[in-house]
Protein chains: 2
Amino acid sequence: MLEPPKVAAAVADAKVHNPSVRRRLSVMNFLNEVAADYPLAVSFASGRPAEAFFELDTWLEGIPRYFDHLASRDGRSADEVARLVGQYGRTNGLINDLVAMQLLADDGVRCRAENIVITAGCQEALALCVQALCVQPGDVVLTRNPTYIGITGVATLADVDLVALDEGAGSVAEAIGRAARTLAAQGRRARALYLIPSFDNPTGATLSQTERLAILDVCQRYRIVVLEDNPYGMFRYEGEAAPSMATLDQHGVVVYLGTYSKTLCPAVRIGCAVVPETLFGDAGASRALLDDLGMRKSFVTVNSSQLNQALVGGVLLAEQCSLERLVAPARHHYRIHRDHLLGRLAAEFPNGCGVSWNRPEGGFFLTLELPFAFGQEQVSHCAENYQVIPLPMSFLALDGSQDRRVRMAFSNVSEAQIDAGVSRFADFVRETVAATPG
Amino acid sequence: MLEPPKVAAAVADAKVHNPSVRRRLSVMNFLNEVAADYPLAVSFASGRPAEAFFELDTWLEGIPRYFDHLASRDGRSADEVARLVGQYGRTNGLINDLVAMQLLADDGVRCRAENIVITAGCQEALALCVQALCVQPGDVVLTRNPTYIGITGVATLADVDLVALDEGAGSVAEAIGRAARTLAAQGRRARALYLIPSFDNPTGATLSQTERLAILDVCQRYRIVVLEDNPYGMFRYEGEAAPSMATLDQHGVVVYLGTYSKTLCPAVRIGCAVVPETLFGDAGASRALLDDLGMRKSFVTVNSSQLNQALVGGVLLAEQCSLERLVAPARHHYRIHRDHLLGRLAAEFPNGCGVSWNRPEGGFFLTLELPFAFGQEQVSHCAENYQVIPLPMSFLALDGSQDRRVRMAFSNVSEAQIDAGVSRFADFVRETVAATPG
C-alpha cells in the first residue's frame with residue numbers, strides 16, 4: 001500500500017527547496033493572525049486602500065453605460081450586449097480600448113489595445129509574466145531587497161529563483177549589471193526585473209528619471225524584461241513626477257503592469273499587462289509573448305470577469321478615460337495621513353533617538369529604521385503589550401539585511417489611529433532601548 | 001551580448017516537451033479562427049451555456065440583498081458592509097456558508113464552509129488542485145480519453161504528466177488500478193484522477209452509481225484524489241440521478257469542483273473546490289491541502305472578486321440556497337435541444353449509414369462516430385463548403401484513438417440551427433463516404 005499524500009510536507013519538500021522561503025510566504029498569515037488576536041491594536045501593517053473612497057453603488061449603476069457603449073459601437077441592442085457580456089469572452093479582455101486610453105491619460109503609457117492583456121487583478125498579470133518569461137532552468141527574476149511579497153510568491157510557486165540586487169555599492173543599474181554578469185558566469189540568466197519605480201512597496205522610495213533611464217539601458221543591454229508595477233503612480237503628494245519606465249522605453253524593454261485595485265477598489269479584481277510593440281526590437285517575440293500570456297491565462301482564469309470589466313468600462317466612460325478626477329480626493333486624504341504620520345514620528349522621536357525614516361513622495365508606505373532588530377517575536381510583543389502592529393521589513397527581505405527596519409502603511413488608518421499607534425510604538429522603542437545593555 | 005528571448009520558442013522547447021501537446025492546447029484558437037472566418041456557419045463546437053437564461057440585471061440588483069444579509073449577521077451598517085466587500089478579503093472566500101448550503105441542496109454534497117475555497121471560476125480550482133497535489137517529479141494526473149481541454153492545459157503548464165486511462169479492456173475502475181500499478185512500476189505515482197462523472201465533457205457519458213463506487217474504492221486503495229468536476233450535474237433530462245462522487249465518498253477521496261458558470265453565467269467567474277474532512281482518513285493532510293490551495297491562490301488571484309461573490313450570494317439568498325427553480329427553464333430548453341438534435345440525426349442517418357451516436361442523459365454534448373477520420377482539415381472543409389462546424393474529438397484526445405469521432409454541443413444553438421447544421425453535416429458525410437473508394 002502506498003502512503004497517504006501528506007500535502008503540506010510534500011510541497012515543502014519538493015517545490016520550495018528552501019524552508020525559509022515557505023516561511024516567508026506564510027508571514028502574511030502570521031500577521032493576519034496577530035491582527036485577529038488583537039483587534040484593538042492599531043495596525044500599520046496592511047497596505048490596503050482607504051474604504052471611504054469606494055463608490056461601489058455608483059460604479060455598479062454605471063455598468064449599463066458600458067452596455068450602451070458596446071451596443072452603439074457594434075450595432076446591437078443593449079439586451080443582446082448584456083447577454084454577450086454574461087457569456088465567456090475573449091481571453092485577453094473586452095475593455096482593452098478604454099484601458100489603453102486611460103493608461104495614456106493617467107500614466108503616459110502609449111499602447112495599442114491589442115497589446116494589453118486584462119487580468120484578474122495585477123497579481124495574475126505578474127504570475128503570467130514570470131511563468132512566460134522564465135521557462136529555462138537557470139532563468140531568474142531580479143528584484144530589489146526588500147521586495148513585494150507578491151513577486152516572492154509568484155517566483156517561488158513557479159520554481160523560479162528570485163535574486164536580490166545588491167545595491168550597497170552603487171546605483172540600481174550598476175547592481176543589475178553586476179547581477180547579470182554574475183548569473184551569466186554561473187550559466188544562469190536574468191530574464192526579468194521586478195520593479196515598483198514610484199513609491200515602492202515596501203520602502204516608499206521613488207526612482208529618478210536618470211535612474212530609470214540607466215536601468216532601461218542596462219536591461220536592454222542584457223535583454224532583461226522590466227516588469228514595471230505601478231499601483232501607486234497616481235498617488236503623488238509632492239515633487240515632480242518622473243515618467244513611467246514604459247513611457248521612457250525606446251527599445252521594447254518594459255512590460256507595464258497596471259491595476260484598478262488602488263484607484264477604484266480591490267473587489268473589481270481587474271489589472272493588466274501591457275506588452276511593448278517589440279521585445280528588444282523583435283516584433284515576433286512581442287506577439288509570441290502576448291499569445292503565450294493569453295494561452296496561460298485561458299488555463300487559469302479563462303477570461304477576466306466581463307462583469308467586472310463592464311464595471312471598470314462604465315467608470316472609464318463616465319470619466320472620459322482618466323481617473324484623475326476620481327482619484328484626487330483619495331490622494332488628498334493619503335497625503336494628509338502621510339504628513340500626519342511624519343509629524344507624529346518627528347514629535348515622538350526628537351533628534352532621532354536612533355530612529356530614522358524616509359519621506360515618501362507618494363504611495364502608501366514609509367520605512368522606519370530602528371536601533372534594534374524587529375521581527376516576529378517583537379511584532380507579537382508590540383501587538384500584545386502596546387496594541388500597535390508595524391510590519392517587520394524582514395518579512396519582505398531576501399536576506400538578513402532588513403532586520404532593523406519596519407514598514408509603516410498610512411493608507412488605511414485614521415489620524416486618531418496614527419496618533420495612538422505612533423505614541424504606543426514610541427513607548428515600545430524607548431523601553432526596548434532602555435532595557436538594552438548599552 | 002546575450003540573444004533576445006524568443007518567448008514562444010523558449011516555451012515550446014522548455015516546458016512543453018512534446019510539441020503535439022502545445023498543438024493540442026492551441027486547437028481552441030484554431031477553432032475560434034475557423035468560427036470567425038465563417039460567421040454564417042452553424043457551430044456545434046462551442047459548449048457555451050444559452051444566453052437567453054442570463055439575468056444579469058436581476059442578479060446585479062440582488063447584490064444589496066447580500067450586503068443587508070452581512071450587515072444583519074455582523075451587526076454593521078449596509079454602507080459599512082459595502083465598503084468591506086469592496087476591499088481585499090479572505091483568500092478562501094466570503095460566501096462559503098451559502099455555497100455550502102447550495103451544494104447540499106442541489107448536489108447532495110455535505111461540507112463545512114471552512115472546507116470550501118471560492119475560486120475565480122472552476123478552472124482556477126482545477127489549476128490550484130493539480131499544482132498542490134502533484135509536487136514530486138513523477139506525480140501524474142489520470143484522466144479519461146478524450147478529456148476536457150482545461151485539465152490538459154493545467155497539467156501541461158504545471159509540467160505534470162497527464163496519463164490517459166485505457167478503458168478498452170473493462171471498467172474505468174479497472175483501468176485506474178492498471179494505471180496505478182504500471183506507474184508504480186515506473187517509479188511514478190498517480191496523485192489525482194480528473195473526472196466529470198455526470199454528462200462528461202466531451203463525450204456526454206455518465207457513470208452509474210456502481211461505477212462510481214468502484215472508482216472510489218480503487219482510488220482509496222491507491223491514494224488517488226478524485227477531482228470531481230460537476231458543471232452539468234443540474235442538467236439531467238431523463239433517468240435517475242446517481243449521487244455525486246463526493247456524496248458517496250466515505251474515506252476522503254474526493255475533492256469536489258463546482259461552478260456557477262453554467263447555472264448562472266460565465267461572467268460571474270465564481271467556482272469552488274471542496275476539500276473533504278480528511279484526505280484518506282488524515283485530517284491534518286486535509287487541512288494542509290486547504291492551506292496550500294489558499295496560499296497558492298493568494299499569489300495568483302489574491303481573492304475571488306468579492307463583488308462577484310456578493311452577486312452569487314444575492315442570488316443564493318433570493319433562492320433559499322438552491323438553484324433548482326432558476327435552472328429549471330434552462331434545463332427544459334437544453335432537453336428540447338438534445339431531443340431535437342437526436343431526432344435530426346435519426347432522420348438524416350436512417351439505419352446509421354455508418355454513423356452512430358450516444359444519447360446523453362443530460363449536459364451539453366453528445367458524441368458522433370463517423371466512418372472516416374475527421375480532423376483539422378475536415379473541420380476547415382466543413383466550415384468553408386458546408387457552413388457547419390463540429391468539434392473533432394481528436395482535439396481533446398491524448399492519443400490517436402478518437403480520430404473518427406466528433407463532439408456535438410447542443411447547448412447554444414437554436415432549433416433552426418440544429419436543422420440546418422445536421423442537414424449540412426449529413427450532406428458532407430454522404431459525399432465523403434461516396435467519394436471514398438470502397
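Modeller: Chain A is superposed on chain B by a rotation of 180 degrees with 0.0 Å of shift along its axis, at an RMSD of 0.0 Å (least squares on the C-alpha atoms of residues with pLDDT of at least 70 in both copies). The two copies are therefore related as by a two-fold rotation axis. The same surface serves both, since 100% of the contact residues of chain A recur in chain B; two residues are in contact if their C-beta atoms, placed from the backbone, lie within 7 Å.

This is a predicted model, in which local features need pLDDT of at least 70 and side-chain atom pairs count only at pLDDT 80 or more, while totals for chains, interfaces and linings use all residues. Residues are numbered from 1 along each chain as its sequence is written, and chains are lettered from A and ligands numbered from 1 in the order in which they are written.

In chain A, seven strands form an open sheet of mixed pairing, in the order E2-E8-E7-E6-E5-E3-E4. Strands are DSSP runs (E, at least two residues) and helices likewise (H or I, at least four), numbered from the N terminus; strands pair if DSSP finds at least two bridges between them. Strands E2 (116–119) and E4 (161–164) of chain A are the edges, each pairing on one side only. Neighbouring strands of this sheet are turned by 25 degrees against each other on average, direction ignored; axes are lines fitted to C-alpha atoms, for helices over the stretch in contact, and angles run from 0 to 180 degrees between N-to-C directions.

Strands E6 (residues 225–229) and E7 (residues 254–259) of chain A pair in the parallel sense over four bridges. Leu257(A) in E7(A) is the bridge partner of Asp229(A). Helix H8 (residues 149–157) of chain A packs on the sheet, touching E3 (139–143), E4 and E5 (189–195) of chain A, and its direction makes about 140 degrees with that of E4(A). Helix H9 (residues 172–185) of chain A also packs on the sheet, touching E3, E4 and E5 of chain A, with its direction at about 150 degrees to that of E5(A).
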